[in-house]
Every structure is written in structure tokens, then in C-alpha cells.
Amino acid sequence: SGSRLGGLVTVMCFFFNHGECTRVMWTPPLRESFSYPFLVLQMLLLTYILRIPNINTGSLIALCVSNIFFMLPWQFAQFVLLTQIASLFAVCIMGYIDSCKLQKILTAHMVSLIVCFILMFGNSMLLTSYYAASLVVIWGILELSQKVLKSSRRGVYLWVIEGCAWLFGTVTLKYLTSLVFGIADDAHIGNILKSKFIGYKDFDTLMYTCAAEFDFMEKETPVRYTKTLLLPVVLVVFGVIIKRVSDGFRVSPLPLIYKYYAVVWYVCVFFLQLVYHALQLLAYSVLAILIMRLKLFLTPHLCVMASLVCSKQLFGWLFCKIQPKTLVFAILALMAIEGSANLQTQWNVMGEFSNLPQEELLEWIKVSTRQDAVFAGAMPTMASVKLSTLRPIVNHPHYEDAGLRARTKVVYSMYSRKPAKEVKRELIKLGVNYYILEESLCVSRKKPGCSMPEIWDVEDPANSGRIPLCTLMSKESRPYFITVFENSNYRVLKIPKE
């Protein structure tokens, strides 16, 4: 915004909408909680790079390092960076940034991707991702455009051609690399997107979409944005950006004239940043609408865009009639009506974590089982078992691995309607000694069709109609399993060898 008042607006908007910005107060150890601060740093560096006429090596190295720290804790980070690359490419084909600068940014992304691949012990999912494919395709389009399109005049038809080439090339290259390397680790991501648009269902998809955080954005979210005036302010800013950009194209369809006219340089660089961040906001909006959990990216970016209400370049005509400070403090005063109530709600989140039944379970495991005893059960519980007892486990919450998804599916068959003998046989193949059964998973139902037995009915229709195995086990586990521990939440079943 070029104004300290803009910084004040962003900070106040963040706190007034804190409940929509993060889930750290409910579940601190989420992977995105460790990644997101590095994305903020990365976008700051990118904005700086877009602003300066000549990119220095230090800026690119800093961008590369922030990319690495963003991607390392969280594998979904690659999809966020995909939206960033797509936004930058759109800015480039519109003519707001020259291809040489974009290629330098792409180089930083490519280097960071390779470094992450090495640091993640050769995680091939990264090299066969849409993000990696997009980097290669955009580089190829830029190289081809420089050789084929000698004229600097670019019409809308060229935008469409290059945009379609990027989309088709990215999807095709991703499919071919996955096929060649035999990688299916991120296949569930495509299935989740299919479920959003065509109602596709399978076991892995339902495991995600039945959780509220992976459902569509709540209808109340835009209402809450509106009550704090965050959404209205950003819509006004967004509308002014569109108008100013369209006016600029009517005057000259060649934004790159800043190369030759120093006077226009500052204006074009200013709008280059605005167009990029506006496109990035649209991308975050799509992600958040499809997957509610990704409000993590949308809400803070809305707060950043709200700062532009203080921009002289956008609202200079208004500041001739009213003092900027008067306008800003009037907006903040109106925001504070609902914002202060939201803050009070956040401050009222008190207490400490307590799960006595799980503590009893973990203490029993440490005292009553061998150090090499292998456990299976619900993914979150297995994470606690591994962390607190150091016992071997066969599945855990890292779901971006095809082999791990297959093992988890076998483990969760305890909540299906399959025969006990069949489930026991498959668990023995995995080397499981103890199974931790949670009755809540057997009976809980977040929404229609989302209890574990109902999810299994989609995957295993042949056994539909039978009593769920977990229900039978909670009454009598013999002869296939032996109950060795039981409390209000958990039942530990020992699996005798056949």
C-alpha cells in the first residue's frame, strides 16, 4: 500500500478475523502451522523481486530457501506453489512482466524443488507433481514464445493459446511422469477433486471428505467476513484494481512500454504487484471454497489486500476529498464492532488438553507389552502410540503415500462388515500383534454416509447389511481376537498366531 496505515489495517483485520485465519489454537501440531510462516516470507520476497528492475542473486537465493522451508514440513505446499506459478504466468502473458525475469523466478523454484526432493530422501511424488510439470511447461512456453513470437504486440487470442498450452501441457506431463515412474502417491488428491465436482466416492476419498475441514467452505464463512467488513473492503479494492488495469489496456495494450519510458516504470511495477496478488487471491479463494481447511491461505491474504484501501495510486481521487487517516480509522471503527466480539471469543478459548482414557492406554502399553510389539489402529491414535511408547506401528496420519494408504485400508477393515477371520488374516500379514479398537469410530457419524461402516459399504458392497465387525468385537472378541485391555474409549485386541 505504500503506507504504514495499510500495515495497521492488515494487522487489525487479521486479529478481527483470527478464528478464520488459523486452527493453531485448536490443533497446534498441524503441518501447515509450521509451513505457513515461510509462505508469508516467500511472498514478501517475491513481491520485492517483482518490484526491483534487476534481480540480484541474493534475492533469488532467499526465495529458494524460503521455498524449501515452506515445502519441507507439508507436502500440500506444492499445490499452493502451483497456484503461485500459474498466477505469475498469467501476469507474464498479459505483458506485465518480461519472460526473462519470470525464468529467473522459475529457476529458483526448480532448484528448491530438487533440494526438497533430496532432503525428503528421494520423495518421487515431488518430481511427478503438477507443480514440477507446470514449471517445465511454463519454461518451455517462454522459450518457444521468444523464438516464435517476434512481435511485441500480444492479443487476447495469444493469452488463450498460451493458457491452454500450459493447462494441457501440465496435465499431460504430470500423467506421463507418473506413468513412467509408477508413482500413485498423490492419486487420492485427484480423486478428492473428482468427488467435489462429480460425486466420485471411494474409501480414501470418503476418509477425507467426511471430515469437516476437507468439505466445501461453510456458508457462514463469507457472512463472518462481511460482518467484520473484510470482504466488502477487499471487493472494493479488487473492483478498483480491475478498473485501473482495464483502463490501462484501453490506453495501451502493451504494459511492457515501461521498458522504454522511465516515467511509466513505477506505475507499471505497482500494477504488476497488484495484478499478481489479485490473481493469487482468486486462486486462494478457489482452494478455500473447495477445501474449507485452506482458509488458512485465503483469510490472511484478504487481510493483506485490505491494506490497499490506503494506497494513493488506487484511491488518490478519494484522498483529495477526505484525509486518509480519517477514512482508515472510520473503517477500523466499523470493523471493530464485530471484530472486538470475535477477539473476545478467541480470548475465551481456555483450558488444557486432557485425554485420560488415552493416557491409561499408553501407560498400559508401556508396562504390559514388549518393546517390539507391533500395533495397529486409527491413524491419530497410532501417532500417539509411536510418540509416547516408541512401539512399532503399521500406519500413521501421513496419507500421501500409496503403500501407507493401502496398509491403513487393511487396518480400518476392523470397522467394516467383513468376516473376522478374513480381517485377522490380513492383519497377520502386516505383522500386527495388537489392535487398538475405538468404539467411537464404530458408532460416530459426522454426517449421513460418514460412519466407518457406511464408508465400507461403498468400498465393500458384497458384505453390506451385515453387523459391523467392530460392533461384534466390542461384545465378544473370541475366537479370533483376545481382549487384553479395556476402558471407556479403547479396547486392545491381541491377535493370536494361527
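Okay, let's start with a helix pair: H3 and H5 cross in a right-handed way, meaning the near helix is turned clockwise from the far one by less than a right angle. Helices here are DSSP runs of H or I with at least four residues, strands are E runs of at least two, and both are numbered from the N terminus.

Before I go on, a word on where this comes from. This is a predicted model, so local features need pLDDT of at least 70 and side-chain atom pairs count only at pLDDT 80 or more, while totals for chains, interfaces and linings use all residues. Residues are numbered from 1 along each chain as its sequence is written, and side-chain values use heavy atoms, with hydrogens and water left out.

Back to the helices. H3 covers residues 31-51 and H5 covers 77-93; their axes come within 13 Å and cross at roughly 15 degrees. That makes the two roughly parallel, a label for angles under 35 degrees. The axes are lines fitted to C-alpha atoms over the stretch in contact, with angles running from 0 to 180 degrees between N-to-C directions.

So who's touching whom? On the H3 side we have Leu39, Gln42, Met43, Leu46 and Leu50, and they meet Val80, Leu81, Gln84 and Leu88 of H5, with contact meaning heavy atoms within 4.5 Å. By class, that contact has seven nonpolar residues, two polar and no charged ones. For that count, Ala, Val, Leu, Ile, Met, Phe, Trp, Tyr, Cys and Pro are nonpolar, Asp, Glu, Lys and Arg are charged, and the others, Gly among them, are polar.

Now the cysteines. How many disulfides does a search of the whole structure find? Two, taking a disulfide as a pair of cysteine sulfur atoms within 2.5 Å.

One of them joins Cys210 to Cys450, S to S 2.0 Å. The torsion about that S-S bond is about -80 degrees, so this disulfide is left-handed. It links distant parts of the chain, 240 residues apart: Cys210 sits in the loop between H11 (203-209) and H12 (220-227), and Cys450 in the loop between H22 (439-443) and H23 (452-459). Cys210 and Cys450 are both buried, which is under 20% relative accessible area; exposed is over 50% and partly exposed is in between, with a 1.4 Å probe and protein chains only.

There's also Cys442 with Cys470, S to S 1.9 Å. This link is right-handed, with 70 degrees about the S-S bond. Cys442 is in H22 and Cys470 in H24 (residues 469-475), 28 residues apart, and both are buried. Number the bonded cysteines in sequence order and the pairing reads 1-3, 2-4.

What about Cys92? Its sulfur is 11 Å from the closest cysteine sulfur, that of Cys100, too far for a bond. Cys92 counts as buried, at 9% relative accessibility.

Most residues other than glycine have a negative phi, and most peptide bonds are trans. Phe121, though not a glycine, has a positive phi of about 60 degrees. You'll find Phe121 in the loop between H6 (99-119) and H7 (124-127), and at 80% relative accessibility it counts as exposed. Leu229 has a positive phi too, about 65 degrees, in the loop between H12 and H13 (230-251); at 25% it counts as partly exposed.

And where's the cis peptide bond? From Arg478 to Pro479, with omega near 10 degrees. Pro479 lies in the loop between H24 and strand E3 (482-486).

Definitions and conventions: Angles under 35 degrees count as roughly parallel, over 145 as roughly antiparallel, 65 to 115 as roughly perpendicular and the rest as oblique.
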